[in-house]
Structures are given as C-alpha cells and as structure tokens.
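Trainee: Please take me slowly through one part of this model, the place where chains touch. I would like a close look at that part and at what lies around it.

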Number of protein chains: 2
Amino acid sequence: MKYINGGVTAAKGFTASGIHCGIRKNQTKKDLAMIKSENKCSAAAVYTQNKVYGAPITVTRANLADGMAQAVIVNSGNANTCNSDGVQKAEQMCGIAAEALGVDKSDVIVASTGVIGLSLDVTPIAASAPALAGQMNGQGGHDAAEAIMTTDTVAKECAVSFDLGGKTVTLGACCKGSGMIHPNMATMLCFMTTDCRISSAMLQKALSDVVKDTFNMISVDGDTSTNDMVCIMANGQAENPVIEEENEDFALFRSALAEVSVKLSRLIAGDGEGAQRLLECTVSGAPTVETAKNIAKSIICSSLVKTAMFGADANWGRILCAIGYTPGDFAVDCIDVSLSSCKGEVKVCQAGFGIDFSEEKAKEILLEDEIRLTVEMNQGTAAATAWGCDLTYDYVKINGDYRT
Amino acid sequence: MKYINGGVTAAKGFTASGIHCGIRKNQTKKDLAMIKSENKCSAAAVYTQNKVYGAPITVTRANLADGMAQAVIVNSGNANTCNSDGVQKAEQMCGIAAEALGVDKSDVIVASTGVIGLSLDVTPIAASAPALAGQMNGQGGHDAAEAIMTTDTVAKECAVSFDLGGKTVTLGACCKGSGMIHPNMATMLCFMTTDCRISSAMLQKALSDVVKDTFNMISVDGDTSTNDMVCIMANGQAENPVIEEENEDFALFRSALAEVSVKLSRLIAGDGEGAQRLLECTVSGAPTVETAKNIAKSIICSSLVKTAMFGADANWGRILCAIGYTPGDFAVDCIDVSLSSCKGEVKVCQAGFGIDFSEEKAKEILLEDEIRLTVEMNQGTAAATAWGCDLTYDYVKINGDYRT
C-alpha cells in the first residue's frame, strides 16, 4: 500500500469540483462541491448518533437504502438542521445535482455543514450547479475539499493505492472538521471514493469497522455534531475480483480504509478549532479495549489536560485525574505515564505516583506540534489510540463570535 | 428559614480561622485553615468518585467511620494526591491539628487542595498550627473560607437559621472550587457546620440526598477532581429534639441543607475559572429525572454553548446539538428553548425548530452576569437544574500556566 497524490478524484472514473455560489458571504470561500462517478457505485455511509440530526442525513439515508449512489452534493455555510423546511430543501439539492450531472436523483448523497437553525436558501445552489458541473474533472478533488471547509484552516484529503488480484486499486478521500468534533459513529463530513469492486454490504462492513477505531476516536471539543457523515462510493473500475465476502482481499481493502481514516483523523484533530498541537494518546496494557478507548478519550477530552498542553506544561496530575474519572473497572496504582514528541520522551508517573523528571526536557518536548501521551496500564493486553488537540485562546475566540 | 450573616462559625459552638503558613509562595494568600467544635459532633461526608483520589480522602474516610468528628484541618497550594508518602502526610496533619486543638486525632477531618503529584511538606503546617489555634474564634469563618481558595476569586460562604421543636437551629458552610469542577458524589472542598441535634446516620442521609441535586449538578470544565469532599459536623448545641428518623424535622433540616447547597453551588459555578457569567439550565417536562439531569448537564458542559454565552451569542442550535447527543430515550421534535436574564426572556426554538426572535433583545439579555437556559421538553413531568459558566480566554490563561 502506498500514499499517492490527490483525494476524491484519485480513483478511476471520479470527477469533482468546488465553487463559491453565494451561501457564504465571503466571496473568497468556496461553499458548494459536487463529486461524481462515471458509473453507479456500491455505496455505504455512517451517520451521527445525535438525536438532533440534519435534514441531509434523513435524505441521504433514504437514498442509500439500496446501497447504490453515483454523486455527492454538499454545501458549507449552513447546516440545514432544525429547520421545518429542511428535508424539502435537501431533496431540492438532490434534484439540482441530478439534473446538472445527469444522474438519478435517488443516487445522490447530500450533505450540509455550517450554522444550525437557519433556513437554507437553495437559489444560489440552483443557479451555480450547471457551471460547477461544467468544470468538474479528474483533478478537481482539491477544489471540492476546499468547498466543504468551515473553520478548517487546511483542506484535508489523502489517497492510497494497493494491489488486489493483480489490479491496482485506489482509495481517495476528503473531509472537513474543526469544531463540534466528538464523533459518534461518524465524524464531520468525509467523502471517500474508490475504484475497488466491492459489494455494498462488504463496503458498509469495512466502513463501520474502521470508523470505530479512527473517526470515533477524535475529539476537539466534546460536542457530537448534528451533521456528521462519512460516506464511500466504490465504482469498480479497478476491475479487481469483486469482494463479496470477508476474505483476504476484504482484509486488505479494510486496512487501506483504516490507513486513510487514521490519516484524516489526525488531520482533523491537528486542525481542531484554534489548535496549536495535535495530541495523540495511546493507552496499552488495558484489561479491555473498551477501557483503553474510554481512558484515551477521557484524557484527550479533558479541558485541563488540553490547556496544560497549550501551555507546554507537563502537569501530568491532570492526566491521572482524567484516567481516574473514566468509567470502568481497573486499577490505578500500576499505571505509568510518559510524554513524548520528536524531541524525545520523559516518564512522569510510575505505578500511579509521580517520579522525578527534568522539567526543562519536558518543556522542550511539549513545545512541538505533535505530542504523544502514552499510558501503560500494566494490567492486560488491550490498547487504543485517540486524537485531540490543545485548548487555546483561539478556540474561545472562534466560538465566541462564530455566528455574528 | 432565613439567611443570616456568616459561614462555618455561624452555628453555636464552632470556631475557626485561617493563616498563611508558607505552602503557597504568595505571602498574601492564606493557605491553612482549621475549624473546631466545642464538643464532639455527629459528622457525615461525601467524597469524589474519581478512582484517583487524594490521600486526605483516605484518612478522612477512616476517621469518619464512627460518624463522629470535632475538627477540620485543610491546606491549599498542594493537593497531596498521587504522592507515595501522601497518607503518612495526611495523618501527620491530623496529629498536628489534634495537638494544637486538644481533640482526638481520630476526630479530625483532613483535606488538601492544589497541585497534584507534588510531595507535601508538613513543616510549615506544624510550625504555624499553634498560632492558628490561638487565634480561632466565633467570627473566624471568613478567614477559614479565604484560606481554602485556590483560583477562586471570592470566598464562598453562607448560613441559614430555622426553628426545630421550638429551638433555633443554625447551619453554616464555606466551600471552594473554581477549576477541575465536575463533581460526582461531592464537589470541591465544602465544610458545613450546624448546631442541630441529629444522628450521624440521618446527617449522612440528608447530605447524600442533597448533594445529588446540588453540588453534583455543577460543572465548570467537565473534570471531576481527585480531592472533592463535602463534610458536615453537627454539635447539637441548638438543643432541638434529636433527629433520629425521617420525620418532619428531618425534612426541614434537609431543605435547609438544600438551600445552603444550592446557594454554594451557584457561587462555585459563577466563580468558575475565568468565568464572566453564571449559567443556570433548567429542564422541565422530561420523561424522567435522569433524562432531565443528563440534558441539563450536557448543555452546561458543552464547550460550544459555553463559548457562545461568552460571546453573548444566541446560537441556540448548539443547545439543541447538546440535547441531541445526551443519552436516553426522548423525543426532540417537541422541545422548546428560551434564554432569559434580569433583562427579559426570548423563546428561540419551538417544537425542535427555530423561530423568529429579536437578535438585539437576545444580545441585551445575554450580556448579563446570570443567564438562564430553559428547556421545556413537553413529554413528562420531571425536572432538573444544573449550573455552569461560560468558557473564556481567562480559563485558557489560568490553566495554560497554572503550575509554572
């Protein structure tokens, strides 16, 4: 498996583009994207588990009921959520995409991201869709990735290729997500495309498996969004032997999907609203995977750990505190904690108690952009990793005046 | 029941004081307090449920096993937690207090608050205890309240009096808490004193009942501290008919305890680290009390709601989002939401969808110091209230360099 350039248009037969249509006031920000496959695709998705969910979720879920899709339309600047006319507007978006792209309306995946509770005006979408459709091409993945950004500071995409049954298969993706990030079953918007030949059922299985250990292990602010969605379309153009059961090819495809998902999860966490540092917390030696996951998430969600990391302060007592309030049955008197980055590693806690370490060295380590928090529980073999970011002045600034 | 001046020395027979002994570097900050009753008291306490808990919790739990206590010793500046010599140091503190105050060592409640994982030097405590004991008196409650402050900006105390069986009973308390506030079974340090005659068992029952709906419904930052403790001593000097069962007198005493606990809970939330505004969230019309509590807590814990309140931004979609990710079985399409303060009230959401409201009026309401978020679920009769605060630049500042 190897990383290649590109995103959602890296796989054979996919085109995309992004444009400013007028939903966002800032004319330099793209706000509408479409992605299309030449032929119909096996498709799968996972959605937010928030009981309050966006109208596009309702419509996409219905359109994907048959496991098939051919195109995506997505806007930023308005989440189309908590509006009494939301479902109607989301269906109109599908109709607009279907007409502009020459696909069936029921094969369109629709998504929206932005402010909640503001009625969505589809007029600019309808007016710009033909022009957007006209400029879609096999290099347009980056423009699409830009058009789905909200408070993101960088476009997030990646692609890998690997061999299946003598054929080269490509898997590409773009995603967005910076605030309201605490995914549960899915994350903020993520669109994946592949030319792999795989059934809808196997595609859904691979996606559901992978999401649990990747996107669902990120948190920027503990808020599970109303519009989270990860979807994938597989158009089969790689002509590999079709994957219809959990065989070796399925395992390889799933590991490629996991590779891409971890990469994107790290991109989202590292670009969390206001973030200066990516936090990667690995818990090992745990009695169960559930406990390892819960502890890793407790740590990266702790406001006190996050602010300490902002201050490059090795205040490890806050890590112990976050471990201690994690639900589950485990011992705390055998836990070791280390902090590391490209500048080295310091052990700060052994068997639940503090040990002497160089504050100077710790400071040097914590001033880097990517920090690893390593927890060895010494009471089992299970492990998990979670990703988050520091809590900074800019997070407060961005969210104190997001809407106004 | 009426509010009276004072705190832990308001009830008959209690003396207290606070002093700077040298644990904190800043000589203008008191860091050691003691509280004493003339006679032995019925006593009860609730403690943090964090699996990592301070050594003083271990020692106090042992000393209160017989339901009796006579004195409190407490320091700020060091939490005496995650230290291999912690229990030994906490026991030394009890010994120091017992000698200075002339009480049994096993009748001393010990508590510590401050940095986790730093060995506690008891030398300055031993050196200052005699002087502190010498200055204790019936007006010293405020000095004790000051000595337990860490990042608190105001001392927190209150007292009420009420009649029981023809006798006037007084209940007073002081507490501290500003960061690492997300109590579970108790809160940051809170010391209550009363001259009520009540058995240890009834005192524990009243305290456990009240804590669930008061201190456990506060959150400043979602972090459950390692040292949370609420304790109460009742010395019986009011000479009311002793409370030994759940009768009318018990109900009255419990309601006085609830009154004081709500008052202190609001003081803690309003003085949350960096806070500009107290948030009070009331959920009514819920199918169960559990659901009402969970939703109220979800809302006041949401970083996005908290930053919106900092920005005085009526971004109610974030409230709906926080409701939606709350666990439990409930409908979202019948929920109404209003925002209010002393400047009036605006309804922002009806039956799950946004409604027109004056942004100008909402801004005026949200610029006040105390904001009420009211959620009417329209699907039952249960209700709950939670208290929190906004998330500000100062929270990040305080916690980015707390230790250094």
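Mentor: Contact here means heavy atoms within 4.5 Å of each other. Keep in mind that the model is predicted. By that rule, chain A brings 54 residues to the contact and chain B brings 54 residues.

The size of an interface is often given as the accessible area lost when the parts come together. Between chain A and chain B the buried area is about 4300 Å², and carbon and sulfur atoms give 59% of this area. As for polar contacts, 14 residue pairs are counted between chain A and chain B, both partners being at pLDDT 80 or more. Salt bridges across the interface of chain A and chain B number zero by the rule.

Now look at the side of chain A that touches chain B. The elements giving two or more residues to this side are α8 (303-310), α9 (317-324), β13 and α11 (393-400) of chain A. The most comes from α11(A), with six residues. Sorted by class, this side of chain A holds 21 nonpolar, 24 polar and nine charged residues.

Take β13(A) from that list and follow it into its sheet. Strands of a sheet pair through backbone hydrogen bonds, either parallel or antiparallel. In chain A, six strands make an open sheet with mixed pairing, in the order β13-β12-β11-β14-β10-β15. Its edge strands are β13 (353-354) and β15 (382-389) of chain A, each pairing on one side only. The partner of β13(A) is strand β12 (residues 344-350) of chain A, and the two pair in the antiparallel sense over two bridges. In this pairing Cys349(A) stands opposite Gly354(A), which belongs to β13(A). Helix α10 (residues 359-366) of chain A packs on the sheet, where it touches β11 (336-341), β12 and β14 (370-376) of chain A. The directions of α10(A) and β12(A) make about 120°.

Go back to the salt bridges for a moment. Side chains of opposite charge can pair when their charged atoms come close. Across the interface of chain A and chain B the count is zero, but over all chains the rule gives 30 salt bridges. One example joins Glu146(A) and Lys30(A), with the closest N and O atoms 2.5 Å apart. This pair links distant parts of the chain: Glu146(A) sits in helix α4 (residues 141-147) of chain A, and Lys30(A) in the loop between β2 (14-19) and β3 (32-47) of chain A, 116 residues apart.

Methods: Residues are numbered from 1 along each chain as its sequence is written. Chains are lettered from A and ligands numbered from 1 in the order in which they are written. This is a predicted model: local features need pLDDT of at least 70, side-chain atom pairs count only at pLDDT 80 or more; totals for chains, interfaces and linings use all residues. Side-chain values use heavy atoms; hydrogens and water are left out. Two strands pair if DSSP finds at least two bridges between them. Helices (H or I, at least four residues) and strands (E, at least two) are DSSP runs, numbered from the N terminus. Axes are lines fitted to C-alpha atoms, for helices over the stretch in contact, and angles run from 0 to 180 degrees between N-to-C directions. Buried area is the accessible area (1.4 Å probe) that two parts lose on being put together, summed over both. A salt bridge is a side-chain nitrogen of Lys or Arg within 4 Å of a carboxyl oxygen of Asp or Glu. A polar contact is a pair of N or O atoms within 3.5 Å; within protein, one must be able to donate a hydrogen and the other to accept it, and residues adjacent in sequence count only if both atoms are side-chain atoms. Ala, Val, Leu, Ile, Met, Phe, Trp, Tyr, Cys and Pro count as nonpolar, Asp, Glu, Lys and Arg as charged, and the others, Gly among them, as polar.
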